[in-house]
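Hi everyone, thanks for coming. Have a look at the structure on the screen, and I'll talk you through it.

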Number of protein chains: 2
Amino acid sequence: MTVTDGRLARGERTRAAVLDTAVALAAEVGLDGLSLGQLAQRLGVSKSGLFAHWRDKEQLQLATLERAREQFLAQVVSPALAHPRGVRRLWALHACRLDFYARSQPDCCFFVKVSFEYADQPGPVRERIIELIGDQRTLYAGLVTRAIECGELRPVDPQLLAFEMDSVGLATVYDSRLFDPHAVHARARRAVLDRLRPLCTDPTLLPEE
Amino acid sequence: MTVTDGRLARGERTRAAVLDTAVALAAEVGLDGLSLGQLAQRLGVSKSGLFAHWRDKEQLQLATLERAREQFLAQVVSPALAHPRGVRRLWALHACRLDFYARSQPDCCFFVKVSFEYADQPGPVRERIIELIGDQRTLYAGLVTRAIECGELRPVDPQLLAFEMDSVGLATVYDSRLFDPHAVHARARRAVLDRLRPLCTDPTLLPEE
């Protein structure tokens, strides 16, 4: 039993490290390009060692999606939620997302890459991607609703503002791979600041630039 | 000479038809997945017949890009430019683009697909994609500038508004492949109407909804 427990603990640590590599790899080649064989090669381990964690490619893809979600929650959502509720928290979600993109190029493209890749491939992977993108939109809309409720934001359609803010995030990923990333990030920041400022009952809650 | 001219004329007609198929194929599999062999198979012709038009894959890719540009100009830009200059023409560019997407799913994804695909593949194809995306942004910004000049739009950063409108177009392609396309298009319409209306000196120039 002791040996088995030791193996499990070691296994869990390995699992997280392997999935970080899988997220980075899928951001490059897509989830469909992700195979146990290719992942083993990237990690310099044997393919049989990975079979202990995921019995087939689809299980690996689903686990990779969950890991990418954990990364987004830890690096974007949690830092944003540390800000005071209301407009500042809504703005922080956008700002933290831009910071995440600036830090993690080209890995940042994971969700953009896979949501486009799986748009026409029915199955459990596509279903999970739709859920995760939907969760992200719900998070944005929820923060908009809260900012309205606490009187910091004038009434606006939360779903619509969520769509607009998410559009700017998506375009940031696209544009910064084709044009000067510094200029793109500055524009993505200003676009949302200019959108939020006239909606704010107290514009000083937002940064100047 | 007559025979040669006849061949050329037939060749040009064939060329345009072949490139329409190439655009549709690349929207599915990407420009990198586009080969003379695969295109010949899709068209039910011999590969050697296609060699007369393009001597290698890169020439085919560049010709496919030009054809996609022609389609966008004919189906989006020209109908938009038929509207009166100013705010109505600016709005028409967005509305015609949404109409084009609604008509041509999944072909609509050509530029979205290939600009993402070639973001990290240096070479003439990437350079041309960057030029074409840049041209599109310049077109938006130019229409914004003209609308300001003719007094229909309050002063605003043309590049920034161009980026915002283009972001909504991009998100429309993404979202309509994952969620209900009707709801997505309605939202993409309202997002830009809501953005333009407060900037308009005469809001009746824009449609009600």
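I'll cover the interface between the chains, then the cavity.

Some housekeeping: this is a predicted model, where local features need pLDDT of at least 70, side-chain atom pairs count only at pLDDT 80 or more, and totals for chains, interfaces and linings use all residues. Residues are numbered from 1 along each chain as its sequence is written, chains are lettered from A in the order in which they are written, and side-chain values use heavy atoms, with hydrogens and water left out.

So, the interface. Contact here means heavy atoms within 4.5 Å, and 34 residues of chain A are in contact with 34 residues of chain B. What about salt bridges, meaning a side-chain nitrogen of Lys or Arg within 4 Å of a carboxyl oxygen of Asp or Glu? The rule finds 6 across the interface of chain A and chain B. One pairs R190(B) with D157(A), their closest N and O atoms being 3.4 Å apart.

On to the cavity, a set of points on a 1 Å grid over the protein atoms alone where a 1.4 Å probe fits but cannot get out. Points are joined across faces, edges and corners, and volume is the space filled by probe spheres set on them. Searching the whole structure turns up 1 cavity of 30 Å³ or more, and the largest cavity holds about 160 Å³ of space. Which residues lie nearest its centre? They are E164(A), V168(A), R195(A), E164(B) and R195(B), out of 14 lining residues, where lining means having an atom within 4 Å of a point.

Methods: On a 1 Å grid over the protein atoms alone, a cavity is a set of points where a 1.4 Å probe fits but cannot get out, and a pocket is an open set with protein on both sides within 12 Å along at least five of seven lines; lining residues have an atom within 4 Å of a point.
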